[in-house]
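Hi,

Here is the model I promised to pass on. Have a look at it first, and my notes come after.

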Amino acid sequence: MKIDRIEIRRIFLPYVKPFTTSGWIQSGNCGIIIRVDMDGVTGWGEAPVSKEPFYIEETTGTAWSVIKEILIPLLLENNFEIETMTENINKIFSGIRGNKFAVAGLESAFWDLLAKMKNISLSRMLGGTREKIEVGVSIGIQENIPSLLKIIDGYIKEGYKRIKIKIKPGWDLEPVREIRKNWKDFLLQADANSVYKLNDAEHLSRLDEYNLLLIEQPLAHDDLYEHSVLQKKLKTPICLDESITSIRHARSAMEMKACRIINIKPSRVGGLSAAREIHNIAQKNNMPVWCGGMLETGIGRAFNVALASLPNFKLPGDISANKRYFEKDIVLNPFELNSDGTLTVLDAPGTGAVIDEKFLEKITLEKLLFFHN
Ligand code: OSB
Ligand code: MG
């Protein structure tokens with residue numbers, strides 16, 4: 001089979017509220033939506049890139065140009081078989097260095113397409129074992145402690161079972177202490193997005209008394225070694241996010257004891273095949289993983305939900321209900337939080353996301369179409 005058609009779109013979909021981390025602010029999803037058509041079946045994918053390279057090196061602009069000038073031309077003239085499709089895609093992209101979000105956006109569209117061709121859910125195709133997944137909410141840096149506490153109170157009342165806050169110097173010990181005064185045992189974790197240095201170790205160890213589930217990516221985005229030094233000085237488990245960009249990095253991090261937990265984001269590691277492999281390796285090493293998020297639209301979110309149904313996703317993911325991010329999403333079947341703090345894994349073929357094509361057209365800034373010769 002040949003690919004009949006690939007369509008890529010740059011979009012802008014505003015968030016309900018801007019999202020602030022230790023290093024940047026995001027006001028909306030500036031990602032790329034990918035549609036692949038083959039043999040009468042349609043697969044959808046998302047590359048949840050941002051305008052600026054503050055989380056990873058890629059941006060909307062670099063991913064757009066890599067997808068259009070390099071990745072799609074590599075794909076178009078190939079013949080695909082159902083049985084080897086995702087392996088084949090990964091083989092075609094195996095020479096690409098970096099550019100994981102661009103690669104993952106395309107790769108994931110083929111997983112959706114393949115699952116639809118096989119008429120099974122993506123969760124089942126990946127080996128998922130759960131019908132519901134536990135989820136938490138990631139809360140950006142706020143103006144002051146009272147407003148943070150109020151937001152947390154709202155999410156806990158909605159039913160979320162785990163809270164993650166973003167931290168940075170000057171917004172770390174105090175918010176954690178105040179949260180603990182109000183919610184002694186609630187599952188709580190903190191994400192630094194690479195803002196600290198190794199010589200902040202003593203300062204970070206003061207978080208140990210607050211019983212955090214984990215501290216996420218305290219040190220540099222491309223570091224493993226210093227995290228392994230820091231982990232020895234902390235009781236709180238380190239969870240790596242930015243630093244794990246490949247299967248090999250995940251394996252090295254486990255061997256070096258640079259972390260005790262891994263945040264898996266399919267986009268960051270180049271797609272679902274790599275994400276599943278990291279999950280499998282972590283499982284063999286008794287290391288729990290959880291599914292991170294990139295403030296995705298309903299398309300990327302549906303992939304994350306399917307992935308998080310695998311058995312070693314032992315901790316709640318950053319996969320909140322769509323309405324926590326967007327007033328209106330580009331899917332017609334947004335996830336809603338169940339009363340037990342879970343999202344229900346979809347069992348329709350593929351990701352199960354039903355695209356609101358009219359609305360997608362409305363939020364599209366630029367669109368390109370490709371056909372094989
Ligand atoms: O570091 O996990 C992160 C959002 C954008 C970029 C990086 C991160 C995040 C989040 C939000 O923490 C996760 C989500 O709810 O999608
Ligand atoms: Mg993170």
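Below is what I found, going from the overall layout to single residues.

Keep in mind that this is a predicted model. The chain splits into domain 1, made of 5-120 plus 353-371, and domain 2, which covers 124-344. Their C-alpha centres are 23 Å apart, and the contact between them draws on 41 residues from domain 1 and 50 residues from domain 2.

Strand 11 (residues 238-240) pairs with strand 12 in the parallel sense, over 2 bridges. Leu 240 has Ile 262 as its bridge partner in strand 12, and Cys 239 stands opposite Ile 261. To get from strand 11 to strand 12 the chain goes through helix 9 (residues 247-256), and this β-α-β crossover is right-handed. Moving on, strand 12 and strand 13 (residues 289-291) are also parallel, paired over 3 bridges. Here the partner of Ile 262 in strand 13 is Val 289. Strand 12, helix 10 (residues 272-284) and strand 13 form a β-α-β unit that is right-handed.

Which way do the side chains of strand 12 (residues 261-264) point? Ile 261 and Asn 263 go one way, Ile 262 and Ile 264 go the other, and all of them are buried. Note that this includes Asn 263.

**The magnesium site**

What holds the magnesium ion (ligand 2)? The coordinating residues are Asp 191 (OD), Glu 216 (OE) and Asp 241 (OD), at 2.0 to 2.3 Å. Written as a sequence pattern, the donor residues are spaced D-x24-E-x24-D. Asp 191 belongs to strand 9 (residues 187-191) and Glu 216 to strand 10 (residues 215-216), so this pair ties together parts that lie 25 residues apart in sequence. Asp 191 has a relative accessible area of 1% and is buried. Glu 216 is buried too, at 0%.

The side chain of Lys 166 makes a polar contact with the side chain of Asp 191, at 2.8 Å. Lys 166 lies in strand 8 (residues 162-166). Is this lysine buried or exposed? Its relative accessibility is 6%, and buried means under 20%, so Lys 166 counts as buried. Leaving out residues up to four places away in sequence, Lys 166 touches a list that includes Phe 19, Thr 20, Thr 21, Trp 171 and Asn 193.

Helix 6 (residues 173-182) has several buried residues: Leu 173, Pro 175, Val 176, Glu 178, Ile 179 and Arg 180. They pack against helix 5 (145-158), strand 8, strand 9 and helix 7 (201-205).

In helix 3 I picked out Ala 102. Ala 102 is buried, with a relative accessibility of 0%. Apart from residues up to four places away in sequence, Ala 102 touches Glu 58, Ala 63, Val 66, Ile 67 and Leu 71. If you want a sense of scale, the C-alpha atoms of Ala 102 and Lys 323 are separated by 26 Å, with the two residues 221 apart along the chain.

Most residues other than glycine have a negative phi.

- Asn 99 is in the loop between helix 2 (85-92) and helix 3 (100-118), and at 24% relative accessibility it counts as partly exposed.
- Lys 257 is in the loop between helix 9 and strand 12, and with a relative accessible area of 60% it is exposed.

That's what I have for now.

Cheers

How values were computed: Residues are numbered from 1 along each chain as its sequence is written. Chains are lettered from A and ligands numbered from 1 in the order in which they are written. This is a predicted model: local features need pLDDT of at least 70, side-chain atom pairs count only at pLDDT 80 or more; totals for chains, interfaces and linings use all residues. Side-chain values use heavy atoms; hydrogens and water are left out. Buried means under 20% relative accessible area, exposed over 50%, partly exposed in between (1.4 Å probe, protein chains only). Helices (H or I, at least four residues) and strands (E, at least two) are DSSP runs, numbered from the N terminus. Two strands pair if DSSP finds at least two bridges between them. A crossover is right-handed if, with the strands pointing away from the viewer, the path from the first strand over the helix to the second runs clockwise. A polar contact is a pair of N or O atoms within 3.5 Å; within protein, one must be able to donate a hydrogen and the other to accept it, and residues adjacent in sequence count only if both atoms are side-chain atoms. Contact means heavy atoms within 4.5 Å. Donors are N, O and S atoms within 2.8 Å of the metal (3.2 Å for Na, K and Ca); water is not among the atoms, so sites may look incomplete. Domain bounds come from an automatic or database domain assignment.
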